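Colleague: Before I plan anything, walk me through this model. Keep it brisk.

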Amino acid sequence: MDLAAIVVIQVLYGIASLVIVSAGLAVIFGMMKVINLAHGEFMMLGAYATLGALKIGINLWVAIFVAAPLVVGGIGVLLERLVIRRLYGRMIDTMLATWGLSLLLVGVVTSAFGNTTAGISTPLGSFTVGAYSVSVYTLLIIGVAVVLGVALRAVLLKTQLGLIARGTMQNPAMADALGISPSRVYMVTFGVGAALSGLAGGLLAPLTGVVPTMGGAFIAKAFITVIGGGPAILAGLVGASTFFGAINQIAAFLSTPVFGEVALLFAAIVMLRLLPQGITGRFFKGSL
Amino acid sequence: MDRRQFIKTSGYAAAATGSGLLLPTSAFAADDIAVGSIHDLSGGLDIYGKPMLDALTLAIEEQNAAGGLLGKKVRLVSYDPQSNMQLYTQFAQQAALKDKVAVVMGGITSASREVIRPVLDRAKTLYFYNTQYEGGVCDRGIFCTGVTPAQTVGKLVPYAMKKWGKKIYVVAADYNYGQITSQWVKKFAQENGGSTVAIEFFPLDVTNFGPTISKIEAAKPDMLFSALVGGAHISFYRQWAAAGLNKKIPLASSTFGVGNEQIVLSAEEANGYLLSYNYFQSLATPGNTAFLQRFHKRFGADYPNVTELACGTYQGFKLWAEGVKKAGSIDHMKVTTALESGISIDGPSGKVTIDANTHHCVLNVSVAEVQDKKFKIIQTFDQAPPSDTSAVCDLKKNPKDNQQYVIKV
């Protein structure tokens with residue numbers, strides 16, 4: 001019984017961490033069709049922003065939930081103005097440019113902070129379920145993922161900003177004719193996507209070692225989740241995270257984490273063969 | 001200027017600059033001795049490599065201050081392979097063939113050692129590998145001055161079992177170091193009447209240990225043994241402590257601290273971990289105190305921690321220098337024969353003697369406990385022989401042997 005509860009918590013945690021790690025990419029790729037290969041490095045910047053904020057005496061929670069998204073969102077807006085906006089509609093060129101950016105960011109952070117592993121202890125301690133201990137931080141990650149999903153949906157559906165963003169993505173020329181500047185909408189959207197990646201990095205900082213190359217460990221999973229999700233941003237993100245996260249964690253429980261990764265990748269290949277448009281290409285069509 | 005003329009002139013120019021660059025080196029070569037250093041100074045392994053180069057720099061400067069070797073100055077030639085295996089091959093070739101170094105000190109992971117060992121063997125250049133590793137390399141062209149599992153795991157496992165119990169759960173990095181070391185843990189556990197409940201391997205980029213940690217808890221071992229390596233695996237210790245298990249299941253490790261993990265983690269997270277190495281900065285011997293004084297004078301009093309690998313490199317150079325003095329030459333075979341006569345030095349870790357049969361070292365080994373980001377020495381075992389390698393390797397009887405033996409349990 002205890003074991004079942006632990007497995008459920010770990011599976012939920014697996015799903016939640018995929019949602020958090022992929023949300024920024026889903027916004028940037030799903031809304032703007034920009035393949036952001038620097039996504040992992042945005043997360044890395046978020047982790048470093050959290051560490052930096054802690055160092056100057058800011059409270060841990062403010063550092064994670066405010067400093068990391070703000071800093072990385074700002075960097076995102078800057079990079080969009082300098083590089084990305086010149087490349088809209090040229091998918092291969094944006095891939096090349098964002099890949100270059102990712103190398104640049106790794107280099108800059110390495111020379112600024114050194115290639116040593118930094119990090120902070122996981123806060124909040126642990127609680128027990130029967131004979132097992134679980135970290136409270138695990139529950140926090142699950143909670144944040146739920147809030148993130150609900151908030152994304154509310155912003156996109158209920159606010160004017162969301163309406164304008166969706167309209168611009170669907171038909172930029174028409175939005176332009178109606179007096180909305182697509183260029184500004186793109187800038188804000190890219191900034192929000194970057195901020196979400198920064199938040200993910202901040203949340204991961206207490207769980208992993210923070211190194212300039214840490215983005216590499218997450219980027220593949222984030223891409224698989226977003227591609228597997230298909231055209232609907234939110235439904236795709238949640239659907240694919242649930243599918244892949246559950247498979248990954250259950251396989252990891254039954255055998256080893258290595259096999260968990262293998263199972264995830266195998267499931268992704270089979271799924272993309274059966275549903276080439278991703279989950280929301282067939283199911284939940286027309287959802288958000 | 002037509003095309004041909006252009007090629008001709010630029011060819012001359014290139015030749016001129018080329019020879020211009022070469023001249024000073026060849027002029028130098030006559031009156032100094034070049035020592036090659038191939039340590040990762042950038043990329044993922046630089047946490048290990050930088051202290052090693054610092055220690056080698058100090059050793060060479062001290063040698064020169066004491067009059068050099070055979071009346072000549074020793075010159076350091078440092079290459080940075082950037083944690084990239086291809087660069088290891090390239091730099092080993094450059095060191096041996098172009099820069100004609102007398103000896104190469106370097107290699108950190110077992111993979112990098114196996115990359116440059118054949119290159120240096122072919123070029124007949126002496127090679128010193130100064131890292132603690134999984135043991136078993138049997139080759140007359142190399143001297144392995146680091147500790148091997150019989151010396152560390154062989155002391156650590158029985159000590160920890162006596163303290164904590166007989167059921168061991170092993171987590172290890174998924175490459176030859178972790179795989180071979182975990183087999184040694186199993187062997188020493190069985191020899192001492194215990195057992196390994198499970199052995200799990202993790203690729204170097206795994207960061208999510210949640211399911212594993214629950215599985216370890218379900219298996220209820222008396223202790224955990226870690227041979228995890230590198231930055232990503234630090235998350236294991238983080239998540240282990242976050243689940244509160246560092247208070248329930250004790251941990252021993254053959255790798256913790258080599259990359260200064262004890263400084264990255266908080267004191268509460270890592271206190272009580274048991275380790276075993278040849279060298280700890282906190283060794284309270286007169287030799288070590290004097291060494292640390294010189295080290296801190298050269299590199300600053302705020303140097304975070306002089307690692308096992310740094311001390312190994314320092315001792316490796318001293319052993320080679322002793323060999324050269326005895327041979328009266330830097331010739332590859334003459335120095336090898338001199339080193340095989342059983343040369344020993346007094347290093348920061350104590351007496352270190354080369355074992356002629358295996359080209360490994362007999363040295364002191366200590367068991368220590370992590371306490372408030374430092375190591376507290378619990379017990380020192382004097383002059384531990386490399387019995388794992390000597391069980392399979394005899395270079396006196398079989399000098400042409402050239403392979404790495406792998407233990408079977």
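Colleague: Is B:Q82 buried, partly exposed or exposed?

Modeller: This is a predicted model, where local features need pLDDT of at least 70, side-chain atom pairs count only at pLDDT 80 or more, and totals for chains, interfaces and linings use all residues. Residues are numbered from 1 along each chain as its sequence is written, while chains are lettered from A and ligands numbered from 1 in the order in which they are written. A residue is buried with 20 or more other C-beta atoms within 10 Å of its own, exposed with 12 or fewer, and partly exposed in between, with C-beta atoms placed from the backbone. B:Q82 has 17 C-beta neighbours inside 10 Å, so it counts as partly exposed.

Colleague: What is the phi of B:Q82, and where does B:Q82 lie?

Modeller: Most residues other than glycine have a negative phi. B:Q82 is not a glycine, yet its phi is positive, about 55°. Its place is the loop between β2 (73–79) and α3 of chain B.

Colleague: Is B:K220 buried or exposed?

Modeller: B:K220 sits in the loop between α7 (210–219) and β9 (223–227) of chain B. Its phi is also positive, near 50°. It has 12 other C-beta atoms within 10 Å, so B:K220 is exposed.

Colleague: How are α3(B) and α4(B) oriented: roughly parallel or roughly antiparallel?

Modeller: Helix α3 (residues 85–98) and helix α4 (residues 110–122) of chain B pack with axes 9 Å apart, at an angle of about 30°. Axes are lines fitted to C-alpha atoms, for helices over the stretch in contact, and angles run from 0 to 180 degrees between N-to-C directions. Angles under 35 degrees count as roughly parallel, over 145 as roughly antiparallel, 65 to 115 as roughly perpendicular and the rest as oblique. That makes the pair roughly parallel.

Colleague: Which classes of residue make the contact of α3(B) with α4(B)?

Modeller: Contact means C-beta atoms, placed from the backbone, within 7 Å. The residues include B:M85, B:Y88 and B:A92 of α3(B), and B:V115, B:I116 and B:L120 of α4(B). Ala, Val, Leu, Ile, Met, Phe, Trp, Tyr, Cys and Pro count as nonpolar, Asp, Glu, Lys and Arg as charged, and the others, Gly among them, as polar. The tally is 9 nonpolar, 3 polar and no charged residues.

Colleague: How many helices and strands are in chain B?

Modeller: Helices (H or I, at least four residues) and strands (E, at least two) are DSSP runs, numbered from the N terminus. Chain B has 409 residues, of which 53% count as buried. The count is 14 helices and 16 strands.

Key. Two residues are in contact if their C-beta atoms, placed from the backbone, lie within 7 Å.
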